[in-house]
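Thanks for coming, everyone. Today I want to talk about charged side chains. Let me put the structure up.

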Amino acid sequence: GAAAGFSLDSLQFLRRIESFADKQMTLLRYVVESVMNQHPSAMDILDELSLCKTAATMDMNALNGRVAELEAGVNIVSKEVTLVQESDPTCSFVEVFSDFVSTASEKLQDLKGLSTKVVEQNKELITMFAEKPRTDLGDILGKLAGFHKDFDEAYRACLIAKAKKEKQRKKEEEAGPEDTKAKRSGPELRRRKVGEA
């Protein structure tokens with residue numbers, strides 16, 4: 001059709017779409033195998049999505065509120081330092097808390113910068129995944145965390161299947177070409193005999 005993409009909600013269905021011939025093979029597992037074989041560097045997605053589950057539980061409004069509270073507290077301390085400094089410039093309180101206010105102000109500016117960056121990146125995510133403009137960041141990250149879990153499970157299933165195939169291949173090599181041919185020709189011979197009868 002004329003589809004130009006898919007929504008994040010579609011990611012959860014990749015693990016549910018099974019192969020007709022092999023119920024162990026899902027669309028997601030096929031995608032994972034293809035990525036492993038053709039673009040192994042793209043498997044970094046597991047690392048990149050690993051923090052989504054934790055990040056999805058964060059409430060940005062609450063975090064921003066907490067930063068505002070911290071900033072208000074630092075401003076109160078700063079005013080107290082100024083008042084004490086005016087009355088007694090040699091007081092040790094002024095020296096200690098002036099350093100505190102300076103350090104805390106720098107850290108608060110860093111926090112506010114990070115908060116702004118998160119808001120900007122949230123807007124980019126919404127645009128990139130064609131989500132509704134008011135979509136909550138937690139919802140997006142929750143969907144990505146679910147995909148991370150499914151992708152990781154499919155990756156592990158691929159590794160197990162690959163190890164089994166390798167074990168079978170080694171077993172066949174050790175058995176030699178004669179035994180392998182006999183195993184393969186046994187069912188063929190039975191089919192021929194049944195067909196002839």
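**Salt bridges**

There are 10 salt bridges in this structure. Keep in mind that this is a predicted model. I'll take a few of those pairs.

Start with K143. Which residue does K143 pair with at 3.1 Å? The partner is D9, with that distance taken between the closest N and O atoms. Now look at where the two sit. K143 is in helix α6, residues 137-175, while D9 is in the segment before α1, which covers 27-38. So this pair ties together parts that are 134 residues apart in sequence.

K143 is partly exposed, at 25% relative accessibility. D9 is partly exposed too, with a relative accessible area of 36%.

K143 has another partner. E131 forms a salt bridge with K143, and here the closest N and O atoms are 3.4 Å apart. E131 lies in the loop between α5 (92-128) and α6, and K143 lies in helix α6, so this pair ties together parts 12 residues apart in sequence. E131 is buried: its relative accessible area is 14%, and the cut-off for buried is under 20%.

D9, E131 and K143 are linked in a network of salt bridges.

K149 and E153 form a salt bridge, 3.2 Å from N to O. Both residues lie in helix α6. They are 4 residues apart, about one turn of the helix. E153 is partly exposed, at 42% relative accessibility.

That's my set. Questions, please.

Conventions
Residues numbered from 1 in each chain as written. Predicted model: local features only at pLDDT ≥ 70, side-chain atom pairs only at ≥ 80, totals over all residues. Heavy atoms only, no water. Salt bridge = Lys/Arg side-chain N within 4 Å of Asp/Glu carboxyl O. Helix = DSSP H or I, 4+ residues; strand = E, 2+ residues; numbered from the N terminus. Buried < 20%, exposed > 50% of the residue type's maximum accessible area, 1.4 Å probe, protein only.
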